[in-house]
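Colleague: I am new to this model and would like to understand the words used for it, so please set each value against its definition as we go.

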Protein chains: 2
Amino acid sequence: MRFQKTTEYAIRVMVFLANNQNEWLSVNHLHQVLNIPYKYLGRLMHTLTKAGLLEVNMGKHGGYKIHPDKQNIFLYQIIDVTEGLESYDRCILGFPECSDENPCPLHKYWISLQKSLKEMIYSVSLGDLKGLINVKY
Amino acid sequence: MRFQKTTEYAIRVMVFLANNQNEWLSVNHLHQVLNIPYKYLGRLMHTLTKAGLLEVNMGKHGGYKIHPDKQNIFLYQIIDVTEGLESYDRCILGFPECSDENPCPLHKYWISLQKSLKEMIYSVSLGDLKGLINVKY
DNA sequence: ATTAATTTCTACCTTATTGTAGTATATACA
DNA sequence: TGTATATACTACAATAAGGTAGAAATTAAT
């Protein structure tokens, strides 16, 4: 029961960028500070940019920053880009017809947990996480 | 954010066996009723047996049933066999030193959810799920 | 004994995730 | 305009999860 590693990386890097709003940060710098494989991170940054969460500046002194139009990004937006949100509406046992009326054996236990998980990813934003960067990964 | 598919399969099959305590159920039967790939399920049953959760009877009219010494199995015991319990104590951002004193950015949000998840897998048992098998997978 | 139905064991295949390498392209600035 | 420093793009490699195939071993019943 966990996020994909790519999602971990994405949240890590987005939190870091949110704490350095006005600087262009290069992949190499982020790779070193956040301990994420360089080339893999490069591709992830590109993906986050295509998804509209980041602004990019190519060439010398280039890098990435949070997109100016997206100043309060929620966790669900990041997760949506990296692994999708399907699992937050899915039956934990993979029963395709699972519902309150037609529940799988774990339904009543899982539903409330799923609700809490959703509440977290839809309510926590990068703004809530500002300042929290004294972490060595 | 989900269980591995193998864990899904394992819980499905254990719930079914718990509802048919006195019968030897063959892999072929379970495969058909629970819609789990035949050969893959065979290996999973063997794994659950080696872990002591099931009793096996080889040969004609053979199959599996819940091990007589394990009449009230909790979810965490099944999950431990299929994917391990590491993720239930792990930082959601993979920060190796994450703790109350030295938290990652998501720590305070994740900790309470993790606690609920643990409470579920340590408190829900197959006994709690008996009778709930009117499900077509 | 023989046969049929079952698990066991070993090997391999497929797919998704994670990670690496190299070249092309863009930008800043001397 | 040349050079240094970035990202973009494409291809491929490694690993883990999920899945398949077939022969060997075990058991029940005839």
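**Terms and values in a predicted model**

Colleague: Why does A:Q114 count as buried?

Modeller: A:Q114 has a relative accessibility of 7%, and buried means under 20% relative accessible area, exposed over 50% and partly exposed in between, with a 1.4 Å probe and protein chains only, so A:Q114 counts as buried. This is a predicted model, in which local features need pLDDT of at least 70 and side-chain atom pairs pLDDT 80 or more, while totals for chains, interfaces and linings use all residues. Residues are numbered from 1 along each chain as its sequence is written, chains are lettered from A and ligands numbered from 1 in the order in which they are written, and side-chain values use heavy atoms, with hydrogens and water left out.

Colleague: Where is A:Q114, and which backbone oxygens does its side chain reach?

Modeller: A:Q114 is in helix α5 (residues 107–123) of chain A, where helix means a DSSP run of H or I of at least four residues and strand a run of E of at least two, numbered from the N terminus. Its side chain reaches the backbone oxygen of A:R90 at 3.0 Å and that of A:S87 at 3.5 Å. A polar contact is a pair of N or O atoms within 3.5 Å; within protein, one must be able to donate a hydrogen and the other to accept it, and residues adjacent in sequence count only if both atoms are side-chain atoms.

Colleague: What is the pattern of chain A along the sequence, and how many of its residues count as buried?

Modeller: Chain A has five helices and two strands, which follow the pattern α-α-α-β-β-α-α. Of its 137 residues, 48% count as buried, and the C-alpha trace spans about 60 × 30 × 25 Å along its principal axes.

Colleague: Why is B:P37 called partly exposed?

Modeller: The relative accessible area of B:P37 is 41%, and therefore B:P37 falls in the partly exposed class. B:P37 is in the loop between α2 (27–34) and α3 of chain B, and its C-alpha lies 9.8 Å from that of B:V27, ten residues away in sequence.

Colleague: What makes β1 and β2 of chain B a pair?

Modeller: Two strands pair if DSSP finds at least two bridges between them, and four bridges join β1 (residues 54–57) to β2 (residues 63–66) of chain B, so these antiparallel strands pair. B:E55 has B:K65 as its bridge partner in β2(B). The two strands form a hairpin with five residues between them, and B:G59 in the turn has a positive phi of about 85°.

Colleague: How do you know which residues surround DNA strand C?

Modeller: A residue is near a strand if one of its heavy atoms lies within 4 Å of it. For DNA strand C there are 23 such residues, and the closest are A:K5, A:T6, A:K39, B:H46 and B:Y64. They divide into nine nonpolar, eight polar and six charged, where Ala, Val, Leu, Ile, Met, Phe, Trp, Tyr, Cys and Pro count as nonpolar, Asp, Glu, Lys and Arg as charged, and the others, Gly among them, as polar. Of the atoms of DNA strand C within 4 Å of the protein, 61% belong to sugar or phosphate and the rest to bases.

Colleague: Which atoms of the protein lie by a phosphate oxygen of DNA strand C?

Modeller: Among them are a polar side-chain atom of A:T6 at 2.5 Å, an N or O atom in the side chain of B:H46 at 2.8 Å, and a polar backbone atom of B:V27 at 2.9 Å.

Colleague: Which residues come nearest to DNA strand D, and what do their polar atoms reach?

Modeller: Of the 24 residues around DNA strand D, A:H46, A:Y64, B:K5, B:T6 and B:K39 come nearest. An N or O atom in the side chain of A:Y64 is 2.5 Å from a phosphate oxygen of DNA strand D. A polar side-chain atom of A:R43 lies 3.3 Å from a base nitrogen, and a polar backbone atom of B:K60 is 3.0 Å from a base oxygen. α3(A) gives the most to the surface near DNA strand D, with four residues.
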